[in-house]
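Me: Please take a close look at one part of this structure, the nonpolar core and the aromatic rings around it. I would like the cut-offs stated along with the description.

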Amino acid sequence: SFELTNNLHWYLTVERDDDHLGPSFVALHEAFWKRLEKTEHGRQYLHRLKKQQELITILKDLYMDVKAGEKDRKKKIALLNKKMQESRQIQDLFVRNRNEEAGTVDVESIPLPLDP
């Protein structure tokens, strides 16, 4: 199931940073991903997991930008809204298929890492 795959992926991802056992978790995570690549369902799960990772990276970058900027809460919120609206990365992350000719966009949902 995707829920089990998701939870295992994020558990292994977090544990890779452990000073003592991190290398073991890195090896286990790599084996897990290789196993997922072998089946169609696994490849679909990998696609969703990669989208989650992209989303986390984008949100982390936005957080760092806003944190380093204004001190006033209202200005931080305005800056965050502006950056999110202008971010082509965020827009592209959720687009599955874009038909410029017809003016349509097929949007893809991304399950949250801890609530698949």
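Reply: What follows covers the confidence of the model, then the core, then the rings.

This is a predicted model, in which local features need pLDDT of at least 70 and side-chain atom pairs count only at pLDDT 80 or more, while totals for chains, interfaces and linings use all residues. Residues are numbered from 1 along each chain as its sequence is written, and side-chain values use heavy atoms, with hydrogens and water left out.

The pLDDT, the predictor's confidence in each residue on a scale from 0 to 100, averages 84 over the chain, and 87% of the residues score at least 70. Confidence is highest in helix H2, at a mean of 94, and lowest in strand S2 (residues 104-107), at 62; helices (H or I, at least four residues) and strands (E, at least two) are DSSP runs, numbered from the N terminus.

The largest nonpolar core has 10 residues in all, namely Phe-2, Trp-10, Leu-12, Phe-25, Phe-32, Trp-33, Leu-36, Tyr-45, Leu-46 and Leu-49. Such a core is a set of buried Ala, Val, Leu, Ile, Met, Phe, Trp, Tyr and Cys residues joined through side-chain atoms within 4.5 Å, where buried means under 20% relative accessible area, exposed over 50% and partly exposed in between, with a 1.4 Å probe and protein chains only. Two or more residues come from each of helix H1 (2-15), helix H2 (22-36) and helix H3 (40-68), and H2 supplies the largest share, 4 residues. A second, separate core of 6 residues includes Leu-55, Ile-58, Leu-62 and Ile-90.

Phe-25 counts as buried because its relative accessibility is 15%, whereas Tyr-11, at 43%, counts as partly exposed.

Finally, Arg-48 lies over the face of Phe-2, at 3.8 Å from the ring centre, a placement that requires CZ of Arg or NZ of Lys within 6 Å of the ring centre and within 35 degrees of the ring normal.
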